[in-house]
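Please report on the side-chain packing, surface and ion pairs of the model below. Keep it brisk.

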Amino acid sequence: MTNSTDSSTPISKNKVVTFDYVLSDDSGKELERSESPMVYLHGANNLLRGLEEALTGHVEGDDVSVTLPPERAYGLRRDDAMQRVPIKHLLTKAKKYLPGQIVSVNTKDGRKEALVVKVGRFNVDLDMNHPFSGKTLTFDVTINEVRDPTPEEVSHGHAHGPGGHHH
């Protein structure tokens, strides 16, 4: 779906894009929606690759619906993604941890969100799969703005300012 005009700049590599979105699963259940516009530098691997590819060429004002299978979204669920972690290593602090709770933990790949599966006295068992792994996802996107980046944004590999990265 699109409602573009010829005078707008198309999304391409190194354009800063601002958009709103609603994320749904394959049954149509809403999983997430942007609370404020998302801002990213196109072509810098700051979005899911399938979503970024689908936005290429669209312009300000376009409404885009993109459905991604798990392999092009957050991946398939992995049975080997369970980890036992000492409670003291969790970044999310709580008086009591409960199964089903989402927590943050530092990993060799940086900060990750994980699902608490089991709680012991000193350790928690975490499911390190992304919460949306194994799901076919639909992103309904409204493109708010497409602009040229600053030299600093290009050199840093991400957008700066409102909705983007702040140093």
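## Salt bridges

Arg 84 is exposed, at 56% relative accessibility. Buried means under 20% relative accessible area, exposed over 50%, and partly exposed in between, with a 1.4 Å probe and protein chains only. This is a predicted model: local features need pLDDT of at least 70, side-chain atom pairs count only at pLDDT 80 or more, and totals for chains, interfaces and linings use all residues. Residues are numbered from 1 along each chain as its sequence is written, and side-chain values use heavy atoms, without hydrogens and water.

Arg 84 meets Asp 125 in a salt bridge, 2.7 Å from N to O. A salt bridge here is a side-chain nitrogen of Lys or Arg within 4 Å of a carboxyl oxygen of Asp or Glu. Arg 84 sits in strand S5 and Asp 125 in strand S8, so the pair ties together parts 41 residues apart in sequence. Helices (H or I, at least four residues) and strands (E, at least two) are DSSP runs, numbered from the N terminus. Asp 125 is buried, at 15% relative accessible area.

By this rule the count is seven salt bridges. Another one joins Arg 77 and Asp 127 at 2.4 Å, N to O. The two are 50 residues apart: Arg 77 is in the loop between S4 and S5 (82–86), Asp 127 in S8 (residues 123–127). Arg 77 is partly exposed at 45%, whereas Asp 127 is buried at 6%. Asp 80 also pairs with Arg 78, with the closest N and O atoms 3.1 Å apart. Asp 80 is exposed at 60%; Arg 78 is partly exposed at 48%.

S4 pairs with strand S9 (residues 137–147) in the antiparallel sense, over six bridges. Pairing requires at least two DSSP bridges between the strands. Leu 68 has Leu 137 of S9 as its bridge partner.

## Nonpolar cores

A nonpolar core is a set of buried Ala, Val, Leu, Ile, Met, Phe, Trp, Tyr and Cys residues joined through side-chain atoms within 4.5 Å. The largest has 20 residues; Leu 51, Leu 55, Phe 139, Val 141 and Ile 143 touch the most other members. Strand S1 (16–25), helix H1 (49–55), S4 and S9 each give two or more residues to this core. S9 supplies the largest share, five residues.

Which residues does Leu 55 contact, leaving aside neighbours within four places in sequence? They are Ile 11, Tyr 40, Leu 47, Val 64, Val 141 and Ile 143. Contact means heavy atoms within 4.5 Å. Another core, of twelve residues, lies apart; among them are Leu 90, Ala 114, Val 116 and Val 124.

Asn 14 is at about 65° although not a glycine. Asn 14 lies in the segment before S1 and is partly exposed at 27%. Phi of Asn 45 is near 60°. Asn 45 lies in the loop between strand S3 (38–41) and H1, and is exposed at 59%.
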